[in-house]
Amino acid sequence: MIEIVDSQRCIECNICVEVCPRDVFDVVKDKAPIIARKSDCQTCFLCELYCPTDALYVSPYAEQDESVQSAQLIADGRMGSYSRNMGWRRGKAAGTDRDPTRLIRLRTAGGV
């Protein structure tokens, strides 16, 4: 279940809002999206997978809340870890044709 949108890491691209199949997030002008319907989360990890800044944490526990803090998740290397575990790399590939978030970021910006 979605647990955290880290406002310090979030760049307000709203990709998480766009890819969520259950409409869990709400857009907030000039702020990070908020988790508005947490119980609707189906733990598909799409939001965490597509987040270009690793600002989201989805707990593998689909039926219960997990008490976690952003700072501890970052220290443990768990913030955004699903994308790394799936082989999606950030860094040098970011913004290139090899960046898996490129097309959705272009579409969000009106470029596709």
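Me: How many aromatic pairs does the structure hold?
Reply: Keep in mind that we're looking at a predicted model. Going through its aromatic rings, the count of pairs comes to 1.

Me: Are the rings of Phe45 and Tyr82 stacked or edge-to-face?
Reply: Their centres sit 4.2 Å apart, and the planes make an angle of 15 degrees. Planes under 30 degrees apart count as stacked. So this pair is stacked.

Me: Which parts of the chain does that pair link?
Reply: The two residues are 37 apart, so to speak, in distant parts of the chain. Phe45 belongs to the loop between strand 3 (34–35) and helix 2 (46–50), while Tyr82 belongs to helix 4 (residues 81–85).

Me: Is Phe45 buried or exposed?
Reply: Its relative accessibility is 14%, and the cut-off for buried is under 20%. Phe45, because of its 14%, counts as buried.

Me: Where does Val58 lie, and what does it touch?
Reply: Val58 is in strand 4 (residues 56–58), and at 3% relative accessibility it's buried. Skipping residues up to four places away in sequence, Val58 touches Met1, Ile2, Thr43, Phe45, Cys47 and Glu48.

Me: Which residues of the largest nonpolar core touch the most other members?
Reply: This core has 16 residues, with strand 1 (2–5) and strand 4 each supplying at least two. Leu56 has contacts including Ile2, Phe25 and Cys47. The residues touching the most other members are Ile2, Val24, Phe25, Cys47 and Leu56.

Definitions and conventions: Residues numbered from 1 in each chain as written. Predicted model: local features only at pLDDT ≥ 70, side-chain atom pairs only at ≥ 80, totals over all residues. Heavy atoms only, no water. Helix = DSSP H or I, 4+ residues; strand = E, 2+ residues; numbered from the N terminus. Buried < 20%, exposed > 50% of the residue type's maximum accessible area, 1.4 Å probe, protein only. Contact = heavy atoms within 4.5 Å. Phe/Tyr/Trp six-rings, centres within 6.5 Å; stacked < 30°, edge-to-face > 60°. Core = buried A, V, L, I, M, F, W, Y, C linked by side-chain atoms within 4.5 Å.
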